Amino acid sequence: MSFISYLLNGVSLGSVYAIIALGYTMVYGIAKMLNFAHGDVIMIGSYVCFIALGSMGVNPIASVVLSVIICTVLGITIERVAYKPLRKAPKLAVLITAIGVSYFLQNAALLKFGPDTKSFTSVVSLPALKLAGGKLTITGVTLVTIIACIIIMIGLSLFINKTKSGQAMLAVSEDQGASLLMGINVNTTIALTFAIGSALAAIAGVLLCSAYPSLNPYTGAMPGIKAFVAAVFGGIGSVPGAFIGGILLGVIEILAKAYISSQLSDAIVFSVLIIVLLIKPTGILGKKMQEKV
């Protein structure tokens, strides 16, 4: 029963990583850039929900919706201000800019909210589910996180494969120049990608802080890095890969904490990533990209 409990906690944590990783993998797959400010968007979304719940007295669902809206606008603004002018710049310039945006958001949060850790009120009020005569308890947050991840994954896959905007994203990911010639608005498509990724970051941040109820300006930093690892693990650019990578990463982390060492869990996670990339450099579901010269 302990193992099953750890496994469920791992899937729950992995679901959060998967939701964040979907944002990374979409932006990379379509705009071919790594948005390292993504983890700090998680933190901003969590603070918006925290203030809405506490200071403003807004109900939990409305707080989450407000967080999603603010993060969506923030994502579009970051893309327009920081990344759009560098669309044709060297990738190193974009990477440095992403790190700069990350530090800007962290320090803005430090100035506004201070360095103290806040106690986050969970947005999930579902009672815990008791199984096997009370030997196995599944919290409401765990259930909601896993279900939310599955719904988001299915919804995103349907959106990309069945809608006109989703088809435009696929076209832009293949060839931006050809997409432009076919009448696709590349700038709008990339902005939409950032908007979706940032909205997912807000949801992930609220679920993460509901499961681990603490919030500070650095809350999104490590989950952001681990979600990037999950995206690479599953095959960056692949939506199903981000989902699989996130779940596996969460399970490995929780089992490593439970059975090996809580202090070495992060090292074990990154070691597994190195081993996977040595065996399959493109990740679990990644495809080899042939570059024409």
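I took a pocket to be an open set of points on a 1 Å grid over the protein atoms alone, where a 1.4 Å probe fits, with protein on both sides within 12 Å along at least five of seven lines; lining residues have an atom within 4 Å of a point. Grid points are joined across faces, edges and corners, and a volume is the space filled by probe spheres set on the points.

The model is predicted: I required pLDDT of at least 70 for local features and 80 or more for side-chain atom pairs, while totals for chains, interfaces and linings use all residues. I number residues from 1 along each chain as its sequence is written, and side-chain values use heavy atoms, without hydrogens and water.

Entry: I looked up the second largest pocket and got a volume of about 390 Å³. Its lining has 16 residues, and Val64, Val144, Ala148, Ile203 and Leu207 lie nearest the centre. Helices H3 (60–83), H5 (140–162) and H8 (186–211) are the elements that give two or more residues to this lining; helices are DSSP runs of H or I, at least four residues, numbered from the N terminus. I sorted residues by class, with Ala, Val, Leu, Ile, Met, Phe, Trp, Tyr, Cys and Pro as nonpolar, Asp, Glu, Lys and Arg as charged, and the others, Gly among them, as polar. The lining of the second largest pocket came out as 16 nonpolar, no polar and no charged.

Entry: H1 and H6. I used axes fitted to C-alpha atoms over the stretch in contact, with angles from 0 to 180 degrees between N-to-C directions. The axes of H1 (residues 2–31) and H6 (residues 164–174) come within 6 Å and cross at roughly 60°. That makes H1 oblique to H6, since angles under 35 degrees count as roughly parallel, over 145 as roughly antiparallel, 65 to 115 as roughly perpendicular and the rest as oblique. Met26, Gly29 and Ile30 in H1 meet Met169, Val172 and Ser173 in H6, with contact meaning heavy atoms within 4.5 Å.

Entry: H1 and H9. Here the axes come within 8 Å and cross at roughly 70°. H1 and H9 are therefore roughly perpendicular.

Entry: salt bridges. I counted five salt bridges, each a side-chain nitrogen of Lys or Arg within 4 Å of a carboxyl oxygen of Asp or Glu. Lys226 and Glu253 form one, at 3.0 Å, N to O.
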